[in-house]
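Please read them alongside the sequence and the coordinates.

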Amino acid sequence: MNKRVVITGMGIWSCLGTDLETVKTSLYEGKSGIGLQPERLAYGYRSGLTGIVETPVITKQMLDRHTRAGMSEEAQYAYMASRQAFTQAGIDEAYLLQNEVGCIFGNDSSAKPVIEASKIMDEKHDSAMLGYGLIFQSMNSTVNMNLSTIFHLRGINFTISAACASGSHSIGMGYMLIKQGLQEMILCGGAQETNYYSMASFDALNAFSIRMNEPTKASRPFDRDRDGLIPSGGAAALLLEDYDHAVARGAHILAEVTGYGFSSNGCGISQPSDGGCIIAMQRAMNDAGVTPDDIHYINAHATSTLQGDMYEAIALTRLFEGKRAWISSTKSMTGHECWMAGASEVVYSVIMMQNNFVAPNINFENPDEYSAKLNIAKSRIDTNVDIVLSNSFGFGGTNSALVFKNYKE
């Protein structure tokens, strides 16, 4: 089997907006979603910077109380994004009840319910006080178990936990299963909690920017003066579908996934590797049957950390120096959306494809010796974007790269 895999629906819930149209405007205008959250500083964080993500309002008309009780913060984000994706794809409840649809989401933590449960036990010393929902909120598979239950999904169902490459790997796995003819339709994506409990250990590593007097200028991927990443989150959902199946049901096709590449660095647990990046990118391009000359745009992983951006810049220079591909990191506007980033950045890139622009790498004012040779979009570029490479890398040396192209009938 070597079936074509297309995207027929997308949804987004992020600091750039909670619908595709708002997010498009933010990307087009280079509008940052980063702000200062004083509660983080009061809790003991070194940095109070974060992506400001709207809290979903899920009413009893949408879901019953019993269902809502088992939903973690990130599951709520994913539910809102998935509703959008199914709606755009023209998939209603009747279809879901009559057809097999899978679910693969990236998620690598659910800190808040674990801490809340621990506090109750420390105070009450009675597990009966924990109630019904915390077990379903606290498991790493909280997103998948909630989405599969709510939407009656009866196909493949598991969670990808691969640090900051989780969302990208979820799309890659969905792509491979459909390509092999094992599934016709899979809901893929990534979700990331934004509560301050979830990121304290990151802050302990001095990984976050402390440019708190200028929140919207704090995330500076590839810039010489970057001083750390900004945590962010939300959820992104994409409906992947077998091409023939999509055509048969008259679906509007947004883009085609053509390549997936992966690798592991095999070195220090937090050590990036230009070699690992290159292997994942080259494998994705080989799978897609394209070369560096064919790529129009690269959505870089670049998180605004000193080492991570440096190694990715070295890898990108080795493959793309002198090529036409524009490069930007949308994390300059969103901050690092962690477990969802690999999925949200596909959504952002498809939006660019559909609207003929490359979103800017804002706050890129002074290149360093590693980024100086890169074709970085300092401001928005109005141009056709037909073939995209999207990078996602994570702790433990996990690397993922996706190639997708604009769909033209």
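1. In this predicted model, the crossing of α4 and α8 is right-handed.

2. By class, the residues of the contact of α4 with α8 comprise 6 nonpolar, 3 polar and 1 charged.

3. How many of the residues of α8 are buried? The count is 7 of its 9 residues, and α8 is accordingly described as mostly covered. The buried positions in α8 are Thr142, Val143, Asn144, Asn146, Leu147, Ser148 and Ile150, and these buried residues pack against α3 (65-69), α4, β4 (102-106), α7 (134-138), β5 (157-160) and β6 (185-192).

4. α8 is followed by His152, whose phi is positive, with a value near 60° in a residue other than glycine. His152 sits in the loop between α8 and β5, and because its relative accessibility is 28%, His152 counts as partly exposed. The C-alpha atoms of His152 and Gln98 are separated by 9.5 Å, although the two residues are 54 places apart along the chain. Gln98 belongs to helix α5 (residues 93-98) and, with a relative accessible area of 63%, is exposed.

5. A second case of positive phi is found at Asn363, where the angle is near 70°, again in a residue other than glycine. Asn363 is placed in the loop between β11 (357-358) and β12 (381-382). Is Asn363 buried or exposed? With 12% relative accessibility, Asn363 counts as buried, whereas His152 is partly exposed.

6. Strand β6, which is among the elements that the buried residues of α8 pack against, contains Cys188. Cys188 is buried because its relative accessible area is 0%. If residues up to four places away in sequence are not counted, Cys188 touches Ile104, Phe105, Ser170, Ile171, Gly174, Ala236, Ala237, Leu238 and Leu240. From C-alpha to C-alpha, Cys188 and Val53 are 21 Å apart in space, and they are 135 residues apart in sequence.

7. Helix α15 (residues 341-355) packs with helix α1 (residues 20-29) at an angle of about 80°, with their axes 10 Å apart; α1 and α15 are therefore roughly perpendicular to each other. Leu20, Val23, Lys24 and Leu27 of α1 make this contact with Val347, Tyr348, Ile351 and Asn355 of α15. The residues of the contact of α1 with α15 divide into 6 nonpolar, 1 polar and 1 charged.

8. α15 also packs with helix α9 (residues 166-179), here at an angle of about 70° and with axes 4 Å apart, so α9 and α15 are likewise roughly perpendicular to each other. Gly167, Ser168 and Ile171 of α9 make the contact with Gly342, Ala343 and Val346 of α15. By class, the contact of α9 with α15 has 3 nonpolar and 3 polar residues, and no charged ones. Ile171, which takes part in this contact, is also one of the residues that Cys188 touches.

Methods:
Residues are numbered from 1 along each chain as its sequence is written. This is a predicted model: local features need pLDDT of at least 70, side-chain atom pairs count only at pLDDT 80 or more; totals for chains, interfaces and linings use all residues. Side-chain values use heavy atoms; hydrogens and water are left out. A crossing is left-handed if the near helix is turned anticlockwise from the far one by less than a right angle, and right-handed if clockwise. Helices (H or I, at least four residues) and strands (E, at least two) are DSSP runs, numbered from the N terminus. Ala, Val, Leu, Ile, Met, Phe, Trp, Tyr, Cys and Pro count as nonpolar, Asp, Glu, Lys and Arg as charged, and the others, Gly among them, as polar. Buried means under 20% relative accessible area, exposed over 50%, partly exposed in between (1.4 Å probe, protein chains only). Contact means heavy atoms within 4.5 Å. Axes are lines fitted to C-alpha atoms, for helices over the stretch in contact, and angles run from 0 to 180 degrees between N-to-C directions. Angles under 35 degrees count as roughly parallel, over 145 as roughly antiparallel, 65 to 115 as roughly perpendicular and the rest as oblique.
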